[in-house]
Amino acid sequence: MAAGGGGSGDPLAPAGVPCAFSPHSQAYFALASTDGHLRVWETASNRLHQEYVPSAHLSGTCTCLAWAPARLQAKESPQRKKRKSEAVGTSNQTDLLALGTAIGSILLYSTVKGELHSKLISGGHDNRVNCIQWHQDSGCLYSCSDDKHIVEWNVQTCKVKCKWKGDNSSVSSLCISPDGKMLLSAGRTIKLWVLETKEVYRHFTGHATPVSSLMFTTIRPPNESQPFDGITGLYFLSGAVHDRLLNVWQVRSENKEKSAVMSFTVTDEPVYIDLTLSENKEEPVKLAVVCRDGQVHLFEHILNGYCKKPLTSNCTIQIATPGKGKKSTPKPIPILAAGFCSDKMSLLLVYGSWFQPTIERVALNTREPHMCLVRDISNCWAPKVETAITKVRTPVMNSEAKVLVPGIPGHHAAIKPAPPQTEQVESKRKSGGNEVSIEERLGAMDIDTHKKGKDDLQTNSFPVLLTQGLESNDFEMLNKVLQTRNLNLIKKTVLRMPLHTIIPLLQELTKRLQGHPNSAVLMIQWLKCVLTVHASYLSTLPDLVPQLGTLYQLMESRVKTFQKLSHLHGKLILLITQVTASEKTKETTSPGQKAKLVYEEESSEEESDDEIADKDSDDNWDEDEEENESEKDEDDVEEEDEDAEGKDEENGEDRDRASEKELNGDSDLDPENESEEE
């Protein structure tokens, strides 16, 4: 049974990658990696049998897969109107493989043809497909999704037979009963459905997180005295996301308790589960659980009633590297999947990398509580570049010997003189001038070589230095080339690199990308040039995916948090704009107050004069008295003017004289008043 892939970024998505062994003979192992590729490996020879890349492998990555049962394939193969040889071949081989995708479609892949058989889309799911189960007899296919629905498909017509709501939340797992009449579905709760009526027969509750795996463990009930209706008394197993307990449930009558009857404890979240069915009450159930920490836990227990304490594993299997030498320490090798062989006494282990897994058959010895297998996978491709071994030997050189390296100033070959220089020499000879000396000629040649620029020298030498550094694994030589920041120089260097050095260069760039962020900025420029310039060559390589697997995983992990960071960036921008806007509104209120004060100052000059007079009253009290006297004199003058006007009215003849006197009196008084004011 395969666990769904957890590469969607959902914290409640199950761990691991979708994978499954072919039924019965287990001749093949199907694996849907995170890059959207389906790979089918031969378990006996550990060889890649087939590889299929769906057209929508980037947008609709594979989330689950399931092999068609062998009995069903044997029935279907003669019905097809194909050649006889093909019909005979399909009866002996595992044929159809169902793939659920993240966009809701289901693909049926034929391993015999090596191509897509059919596609189930119309009327199906609107969201990610979480689990697929084949019916062993009817030829139907059952699928569940995040859209809360369960769909029953007709594989021959590629149409929906029935669709019903399975839960209030997403349905994460399915399992069909041994007699084919019942269906287990699980989201947060586990439901047992009657397939004929699509009604709920039983409810089971006990998991706090979404259930990632469901499997029936027994075919017959332990108590055979009562009549068997096909489901009552059977046991089934369930595992949940982030849960280190595997619960065992028993289908009982409606009135009895519906909680788990026993549980198995493991060290981490289960990634892959396989078991051998118990056919009678005396036969124990054998269980192999692969955890996220890379260990396999083996259980062997007779299911017979309630057990209070969680059961621990009888045997734990680990795989590690040998750790040659004093400095190197053994490193654990993760186990990806494990399946029981047909004899139930040996186990198929899949370990190493998802892109190049190693498949090995191991004999079981449950007497030992812990087994550690030492395996050397250095010959296989490993995700880490540090494990790569080079066979290039650096020659031992004498310290007195002088090595001429291309591109270093002073190590020039003989350069022919330029034609313009010879013309100038000939013109000097014809004109009868002084002859150019050999020293001047050599100097002119040297100047011309420097005028050609350092870029030409570097572009000629950088590809050679980079090639030598990659072959000899010379750290200083690689640093000298890869630390450059000139984009034009990087592009010219990549253009002149030999084709056989492109993959080692990409591996070296991947290794440096995992280091300090400052060096990663430089390596990105090199990586961009390599992928754009040599894209056509890279597309012709048959083993490109395992070669660039680490780089792809590295880029995916780096970009994983980009969406969350962009959301946070947007929220911070909104907050900053709101704060600045509120500060601007506070600043705009202050000019209004200033304007009010300015308006009060301009309103009355008398008030300002009085204020100034009040301020100076203590200091200049003598001047105030003098001003009062001057004001009295002016009043007297005005009275004299009124008297004079009265006399003019009475004596019209003397008007001219009186007016002249008044004018003279005014002119006499004005300068005095001005002086007194001053």
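Predicted model: local features only at pLDDT ≥ 70, side-chain atom pairs only at ≥ 80, totals over all residues.
Residues are numbered from 1 along each chain as its sequence is written, and side-chain values use heavy atoms, with hydrogens and water left out.

**Helix H12**
- H12 spans residues 549-559, and its buried residues include Gly-549, Thr-550, Leu-551 and Leu-554 (buried means under 20% relative accessible area, exposed over 50%, partly exposed in between, with a 1.4 Å probe and protein chains only).

**Packing of H8 and H9**
- H8 (residues 502-513) packs on H9 (residues 517-533) at an angle of about 155 degrees, and their axes are 9 Å apart.
- The two helices are therefore roughly antiparallel (an angle over 145 degrees).
- In H8, the residues meeting H9 are Ile-502, Leu-505, Leu-506, Leu-509, Arg-512 and Leu-513, where contact means heavy atoms within 4.5 Å.
- Their partners in H9 are Ser-519, Ala-520, Met-523, Ile-524, Trp-526, Leu-527, Val-530 and Leu-531.
- By class, the residues of this contact are twelve nonpolar, one polar and one charged.

**Cysteines**
- Zero disulfides turn up in a search of the whole structure (a disulfide is a pair of cysteine sulfur atoms within 2.5 Å).
- Cys-158 is buried at 19% relative accessible area, whereas Cys-162 is partly exposed at 23%.

How values were computed
Axes fitted to C-alpha atoms, helices over the stretch in contact; angles between N-to-C directions. Helix = DSSP H or I, 4+ residues; strand = E, 2+ residues; numbered from the N terminus. Parallel < 35°, antiparallel > 145°, perpendicular 65-115°, else oblique. Nonpolar A, V, L, I, M, F, W, Y, C, P; charged D, E, K, R; others polar.
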